[in-house]
Every structure is written in C-alpha cells, then in structure tokens.
Amino acid sequence: MREDRLFLRFVEEFEGAGGILLYPRGEVTLEEAIALMVEGEGIKSYAISQKTPRVKAIDSVLKDLGLEKSRDYPGLDLGVTRAHGAGALTGTLVFVFGEGRDHLLTSLPRVHLAVLRREDLCEHVSQAVIPHLQGEGNPPPYISLVTGPSRTGDIELTHVTGVHGPEKLYLMVVS
Amino acid sequence: MRGVLKELREYPSRWRRLQEVVRNPIMREALERAMTRFAQGRAQALEGLGDFQELVELCRDMKDRALDRSRELWDRVQNGVVARGGTFYLAPDAQAAREYIGRLAREAGGNLVVKGKSITSEEIELNPYLESLGLEVVETDLGERIIQLAGEKPSHIIVPAIHKTKEEVARVFSQAWGREVPDDPYVITKEVRKDLRQKFLSANMGMTGINVVSADLPAFFLMTNEGNGRLCSTLPPVYVILTGWEKIVESVEDAFTIFDVLPVNSVGLKYSSYLSIFTGSFLWKKGRQFHVVILDNGRRKALDDPFFKEALRCIRCGACMNVCPVYKTVGGHTFAHIYMGGIGAAWTAITNGLEEAREVASLCTGCGTCLEVCPMGIPIPSLVEHVKELAKEKGQAERMAIRLVAKRKLLESATGLASLVAPERIARLPGPAGLITQERVLERPQQPPFHPWALSRGLEMGKGGEVTLFAGCMVEFFYPNIGRDAVELLTRMGVPLQIMKEECCGLPARTVGEMGLWEELAAKNLSYVPPGKPLLFLCATCMSGMHGYRESGKELPPLYDLSQLVLEKLGGGSFPGSCKAKVAYHSPCHLERHLGVKEEPLELLSRIRGVKIIEGEEAHLCCGGAGLYAFKYPPVSV
C-alpha cells in the first residue's frame with residue numbers, strides 16, 4: 001500500500017475504533033492542539049514517558065498550560081507515551097515496554113496521549129510487533145496493542161468507554 | 001429398561017423447566033439483541049478478511065499442525081518461561097490446578113486475588129476453592145463481576161450478564177456497596193472502575209486466562225476490551241496465567257492469524273481494544289513473580305480421539321452460539337454445563353465427563369448453522385453425535401423410541417392403525433404424551449402409503465426406470481401426496497422412475513447416538529439400492545442420511561434432491577406448467593447446510609410461471625424437527 005494511502009487507511013480505522021487524532025495541521029500548531037485536548041477533557045494532572053518523541057516540547061506545553069506533573073499514576077488525568085508502531089488495517093497502536101513504569105501510563109490515566117512517528121506505521125499490526133520480538137537478546141517482557149479506548153457493552157449492550165483503561169485515546173503523529 | 005422408565009418419569013419436570021426458560025421474555029429479548037448485533041457485525045467485518053473458506057482452511061491446518069506437535073511445543077514453552085525467571089506447571093486435572101494456584105495465592109501473601117475473565121478457571125471451579133482458603137476473589141470483567149455478585153452463571157460467552165437488565169444490575173451493585181446506585185450503564189461502569197481500581201492496587205495476586213500461546217519465543221497473547229486483563233497482569237506483584245493445553249500455536253505469525261479472525265468472528269470488531277503479549281521475562285522489579293499453569297484435564301487424551309481432537313481447535317470466539325437457534329431460545333444457563341452450546345457438549349465430554357456432556361448434547365438439533373461460521377472448521381454436529389454415541393447410559397428412552405421407529409413392519413402397522421382411528425389433526429395425546437400436544441398439533445398418517453400407490457401406478461421395484469425414487473418414512477406414511485405429485489411431475493417431464501425397497505435412512509438413529517443401528521440400516525439400504533441409477537429424494541433428511549453412507553467408503557450412485565433433478569431435466573427450458581401463488585420457501589437444514597443445496601429450490605420456483613417468492617426472515621432457521629427432538633423438547637422445538 002502506498003504511504004499516503006496507508007496513512008489515510010490508518011486514520012480511518014483508528015478513528016473508527018474510537019481514537020482521536022491530534023494532528024497539527026494548517027494554522028493549528030502542536031501547542032494549540034494539545035491545549036484543545038487539555039481543555040476539552042478537563043485535564044489537571046499528567047505524567048510523560050521520557051521515551052516519548054518530542055518529549056521536551058510536549059512537556060513544556062503541558063507545564064505552560066498549568067498542569068500538575070504527578071507520579072501518582074492511578075489518579076492521573078493524562079499519560080503521555082510513545083507508540084512504537086501502528087497497524088493501518090485495524091487502526092492499532094503498538095507499545096513496547098521494558099523495565100520501568102511506562103506501561104502504567106497507557107493503562108491507568110483517564111486520558112492517554114500516544115505519540116507516533118509516521119515512519120513507524122505498518123500495514124498489518126504484526127509487522128510493527130514481530131521485529132521487536134525477534135531481535136537479538138531477550139524479547140521485551142510486555143508488548144501492548146491498543147485499538148481505541150477501553151470499552152464495554154456488558155450492560156444491555158450499551159457502549160461505555162473507560163471501564164478500566166483510558167476513557168479517551170488521543171494520538172499525535174509526528175514526522 | 002430402568003433407565004428408560006427413569007427418563008420417562010423425569011420427562012414432565014424437564015418439559016416444565018424448559019417451558020419456563022423459553023417463556024422468560026427478558027432472557028429471550030436480551031439474547032436476541034446480542035446475537036443479532038454480533039452476527040450482523042460479523043457479517044460486515046468479514047468483508048475485509050477475504051474468502052472465509054480459505055481462512056478456515058488456513059486456521060484449521062495451522063492449528064492441527066500445532067496440536068500434532070503440542071507435546072514438543074509445550075516443552076519449548078516450559079524451557080523459555082523457566083529461562084526467563086518464571087515457573088511452569090502442567091496440571092493433570094482440575095484438582096491439581098486448583099491446589100497449585102491456591103498455594104501460589106497463599107504464598108503471595110494478603111488475601112485478595114483479582115481475576116480476568118477465564119472460562120478455564122470456571123472449568124476447574126477455582127473461585128469457590130480459593131474462597132474456601134479464606135481468600136477474596138474479585139472478577140474484574142464488568143459482566144463477570146455482575147454475575148459474581150449476583151451469584152449466577154454466565155448466560156453468554158462474550159456478554160456474560162446479558163440476561164440482566166440495567167435495573168437489575170443497579171440493584172446488584174446497590175446491595176453489594178450498601179448504597180443506592182442509579183440504573184445508568186455509564187454511571188454504573190464509572191463506579192465499578194473506582195471500586196475495582198482499589199482492588200487492582202491492593203491485590204497481591206492477579207490471574208488471567210490466555211487466548212493463544214506461541215511456542216517460538218514463547219509468548220502469551222491476551223485479548224480484552226475493558227483493559228482489566230492488563231491491570232490483572234501488571235499491577236499485582238504476582239501474575240498467574242491459567243490456560244488450556246489446546247491454546248498452543250507454533251509461531252507468533254500463527255498467533256496473529258488467530259487474532260485476525262477472533263474479534264471479527266466473535267463480535268464483529270476488527271480488533272479488540274487490547275491485545276497484550278507477555279514473553280515471560282516479566283521480572284522488572286524485585287519480588288515480581290510470573291507463573292504459568294497449563295491445564296490438561298482430559299485435553300491430551302482428547303488428542304487421541306479423532307472427533308474430540310477437532311474440538312481442541314476451538315478459539316472460543318462464540319460465533320457458533322451467536323447463530324445457534326437453540327442457544328437463542330434457551331440461553332447459556334440451560335444449553336451448557338460450563339462450556340456452552342453444541343461445541344460445549346464436546347468440551348464438557350473432554351473436561352467433565354460424558355454424563356454432563358450428554359445433557360448438553362441432547363439440546364442440540366444438529367441443524368449445522370454453526371458449520372457456516374466456525375473459523376476453525378470444527379464439525380460440531382458430528383461431535384455432538386459422538387458424545388451421544390459414547391454416553392450410552394443416558395438418553396435410553398429416545399434410543400428405544402428410535403429402535404422401535406426404525407422397524408419398518410412395526411411402523412407400517414402402527415401408522416396403519418393410527419390412520420384408521422386417529423382424527424385428522426391430533427390435538428391431544430393421552431397421559432404424559434399430552435405434553436407434546438400442548439405445544440404442537442400432530443398429523444394423522446395417510447392411506448394408502450406411497451409404495452402401494454406407486455406399485456398400483458405401474459412403478460416397479462428396482463427396475464424399469466432411469467431414476468430410483470427413495471421416498472423415506474415421512475413421505476411413505478404421512479405425506480404420500482408429495483410422492484404422488486413428484487411421480488406425476490417427472491412422468492410428465494418424460495423421466496421414467498422406479499422405486500426400491502426401503503428402511504429408515506438411519507439419520508434419526510445418528511441423532512440419538514445409535515451408531516450401530518445407523519450402520520445396520522445403512523447396510524440394508526445399500527443392499528437395496530439398484531446399481532447405476534441416480535437416486536432421487538423428496539426428503540432432505542433421507543438424502544443427508546444416504547450421503548452419510550459414503551463415510552464408510554461405500555460407493556453410491558449420484559444423489560439428487562427433487563429440485564436438482566427437475567432443473568437438470570429442464571435445462572434452459574421453462575417449467576411445464578404454471579401456478580399463480582405466493583410461495584415462501586423454508587430451507588431444510590440437511591439440504592442447505594449438510595448437503596450444500598441452497599439455490600436450486602429457489603431457482604426452480606422462480607422458473608414456474610405465476611409463482612411469486614416471498615423471502616421469509618427465518619427461512620434458514622431450523623424447524624426444530626430433528627428426529628425425535630420435536631417430541632423430546634416441544635417447548636424449545638416450537
């Protein structure tokens with residue numbers, strides 16, 4: 001699949017699964033896009049993984065918006081992490097975890113913002129996972145594939161998001 | 001004989017129990033809603049997966065390869081887990097698994113265990129055991145939590161609490177928390193999030209099932225939508241995986257093939273929200289433990305049984321239940337032991353024994369709707385027959401009934417007598433048999449039966465025709481008019497017919513597990529079949545029964561349904577006659593799903609001048625006949 005068509009397919013599937021693309025374009029800057037998310041979701045606290053692409057810029061925007069940087073992950077409003085890859089056919093993000101607590105930033109906060117390098121986008125999600133598993137040395141202990149927010153239909157099939165994981169999944173794609 | 005009498009004595013109470021279930025409007029509406037939504041979602045989502053049959057073949061071959069190598073593959077998994085600091089235990093049975101997990105829980109300290117949805121843990125009845133050790137066990141999937149607090153069992157494999165209304169769910173949580181909870185699914189879900197978050201954070205042990213294990217790394221794959229599996233596996237210091245021997249595949253690539261199919265086939269989602277992959281090297285902080293418990297509990301023995309081995313391919317997508325007419329009618333509380341539906345009968349036989357399995361199997365009509373949706377190509381109706389065949393202690397009454405009905409002379413005499421003394425429509429049978437006629441009106445056998453009429457019409461036994469007509473018992477004794485019409489039509493079309501000596505086709509015997517009788521009837525019928533002439537059927541069940549004779553390697557002439565033969569003789573020409581009528585066509589299960597004859601009857605009807613075909617919504621739904629089923633379970637059948 002051509003790169004631009006791949007990206008369009010990814011966006012379609014990602015949004016179809018309930019994800020929200022935070023995509024600075026036109027006159028909307030990265031700072032403004034983040035500010036819109038923070039205001040819309042009522043975010044007061046955050047934590048950011050140091051492995052996130054553009055970590056300094058994003059951290060600085062969040063600080064400037066007056067958010068509290070917290071280590072209390074279970075009570076966090078926003079967790080920011082890198083997405084190590086993505087699969088266009090299903091709109092799935094891939095998170096690869098080693099030692100440390102980064103994985104909790106994808107599972108505990110109310111809102112999760114993932115940052116994906118556009119070049120890490122693949123057609124099938126397995127293409128984004130297998131290279132991490134089959135490299136030299138021990139494989140990473142935990143890989144998490146995420147397709148949209150946490151959801152349930154367990155009560156009368158009523159669709160509700162944010163059961164145990166994030167209620168909202170935002171994605172910023174950077175070059 | 002004692003078994004027969006016992007079953008007959010139990011018949012009224014079983015009948016009443018089923019009638020109560022069938023008449024529960026909340027259960028039926030809820031199941032209808034869930035199954036319709038999942039089946040429609042599946043149909044839409046499948047469009048992106050290419051040819052479904054090709055996918056079935058791919059999945060079946062991949063899983064069979066892994067099962068054939070499973071002993072070697074599990075050795076590899078064990079080595080990998082241990083090398084990365086985890087422990088590995090192969091539990092031979094449910095008790096061993098319970099006790100091992102109980103020890104892990106006690107050694108973990110504290111008294112709280114959080115669990116993800118795991119039918120394997122239900123199979124070993126883990127929760128009551130852990131509770132007997134003084135531990136608090138908390139189910140963390142929302143649906144599972146609801147039924148845990150309500151003290152009930154799942155009614156659906158994907159949405160376990162589908163039978164409960166939001167008002168009932170609110171009452172369950174109000175009672176559990178000692179405060180009023182509004183009956184709003186959004187509010188309830190948020191309250192549960194808060195409540196269970198605390199449990200996740202304070203538990204010493206988390207436990208989940210696993211969907212797939214790939215042997216190459218090894219890696220453990222867990223798919224969920226709510227995210228509870230991720231928290232059970234990563235927050236408590238001790239993580240225990242409990243999964244079955246059958247979950248093995250050879251490679252990570254094979255695992256991904258299963259996940260291409262599982263959520264699509266299950267609920268119509270391209271991917272579930274979360275797919276977690278654990279490689280075992282999961283010891284990133286001091287004190288962290290990773291334990292793998294693999295459950296045998298009959299699975300390895302099943303590898304040596306050609307029928308039950310097929311059941312081991314099951315990936316628990318639940319699609320077979322989402323299309324099953326019996327499941328839609330009675331739900332998972334009734335059509336299950338622990339594992340639900342027709343496939344559940346085989347699984348119950350593997351893990352719990354034949355007695356329980358026979359109860360589940362007896363509710364299956366064998367309609368074969370499941371065959372069209374199973375991504376692993378599991379021949380579920382054949383597995384159900386196998387369970388019935390093996391469980392000889394159960395179903396004795398129906399076995400005896402079938403043995404009687406299969407005696408041609410006896411059937412001739414009984415129907416002959418009934419045709420003389422019974423009213424045209426039998427609305428009330430005497431004694432306990434009256435329960436049958438509470439649900440359906442029976443028809444009187446007709447005179448003369450088909451064969452005497454055909455002989456009087458000049459048809460000969462085993463000679464004189466181009467095509468041999470097999471009438472079958474229902475046409476012979478109850479609907480000879482169908483036989484007469486078929487003879488008249490084909491004569492007018494210039495097709496000379498002959499008839500043959502007949503026994504029951506044997507299919508009703510298969511449906512109750514009387515495989516010996518089935519073989520006996522097959523041998524007799526095969527000896528009567530005139531060589532070289534195509535065989536024509538007016539009954540889909542008889543045709544399917546005769547088709548089954550090929551399993552024994554016997555040569556048979558070509559088999560034709562009436563619609564197929566008429567269409568072939570018509571070629572491109574038009575039908576010799578007209579009929580101004582609106583016609584609704586009901587597709588017989590045996591014809592459509594077991595023999596693959598789908599289009600021909602409709603094609604034939606469309607070629608009759610004046611006929612307008614009315615598409616019925618339930619044109620493909622099982623009629624509930626299924627041999628003796630209509631008499632055994634009238635509330636479900638009707």
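This is a predicted model: local features need pLDDT of at least 70, side-chain atom pairs count only at pLDDT 80 or more; totals for chains, interfaces and linings use all residues.
## A conversation about chains A and B

Reader: How many residues does each chain bring to the contact?

Author: Chain A brings 37 residues and chain B brings 46 residues. On the side of chain A that touches chain B, the elements giving two or more residues are helix H4 (102-107), helix H5 (125-133), strand S9 (142-146) and strand S10 (151-152) of chain A.

Reader: Which of them gives the most?

Author: S9(A) gives the most to that side, with five residues. By residue type, the side of chain A that touches chain B has 15 nonpolar, 17 polar and five charged residues.

Reader: Turning to chain B, what is the order of strands in its open sheet of six strands?

Author: The order is S1-S10-S7-S4-S2-S3 (chain B), and the pairing is parallel. Strand S1 (87-91) and strand S3 (136-139) of chain B are the edge strands, each pairing on one side only. From one strand to the next, the twist averages 20°.

Reader: How many bridges does S1(B) form with S10(B)?

Author: S1(B) pairs with strand S10 of chain B, residues 289-295, over five bridges in the parallel sense. Within that pairing, Thr87(B) has His291(B) in S10(B) as its bridge partner.

Reader: Which strands does helix H5 of chain B lie across?

Author: Helix H5 of chain B, residues 94-108, lies across S1, S2, S4, S7 and S10 of chain B, and runs at about 170° to S7(B).

Reader: At what angle do H17 and H19 of chain B cross?

Author: The axes of H17(B), residues 341-351, and H19(B), residues 380-390, cross at roughly 45° and come within 8 Å. The two helices are therefore oblique to each other. Their crossing is left-handed.

Reader: Which residues of H17(B) and H19(B) meet there?

Author: Gly342(B), Ile343(B), Ala345(B), Ala346(B) and Ala349(B) of H17(B) meet Ile380(B), Pro381(B), Leu383(B), Val384(B) and Val387(B) of H19(B). That contact has nine nonpolar residues, one polar and no charged.

Reader: Lastly, which residues of H29(B) are buried?

Author: In H29(B), residues 562-570, Leu562(B), Gln564(B), Leu565(B) and Val566(B) are buried. Their cover includes strands S13, S15 and S16 and helices H25 and H31 of chain B. Gly571(B) follows H29(B) and has a positive phi, near 60°.

Note on methods:
Residues are numbered from 1 along each chain as its sequence is written. Chains are lettered from A and ligands numbered from 1 in the order in which they are written. A residue is buried if 20 or more other C-beta atoms lie within 10 Å of its own, exposed if 12 or fewer, and partly exposed in between; C-beta atoms are placed from the backbone. Helices (H or I, at least four residues) and strands (E, at least two) are DSSP runs, numbered from the N terminus. Two residues are in contact if their C-beta atoms, placed from the backbone, lie within 7 Å. Two strands pair if DSSP finds at least two bridges between them. Axes are lines fitted to C-alpha atoms, for helices over the stretch in contact, and angles run from 0 to 180 degrees between N-to-C directions. Ala, Val, Leu, Ile, Met, Phe, Trp, Tyr, Cys and Pro count as nonpolar, Asp, Glu, Lys and Arg as charged, and the others, Gly among them, as polar. Angles under 35 degrees count as roughly parallel, over 145 as roughly antiparallel, 65 to 115 as roughly perpendicular and the rest as oblique. A crossing is left-handed if the near helix is turned anticlockwise from the far one by less than a right angle, and right-handed if clockwise.
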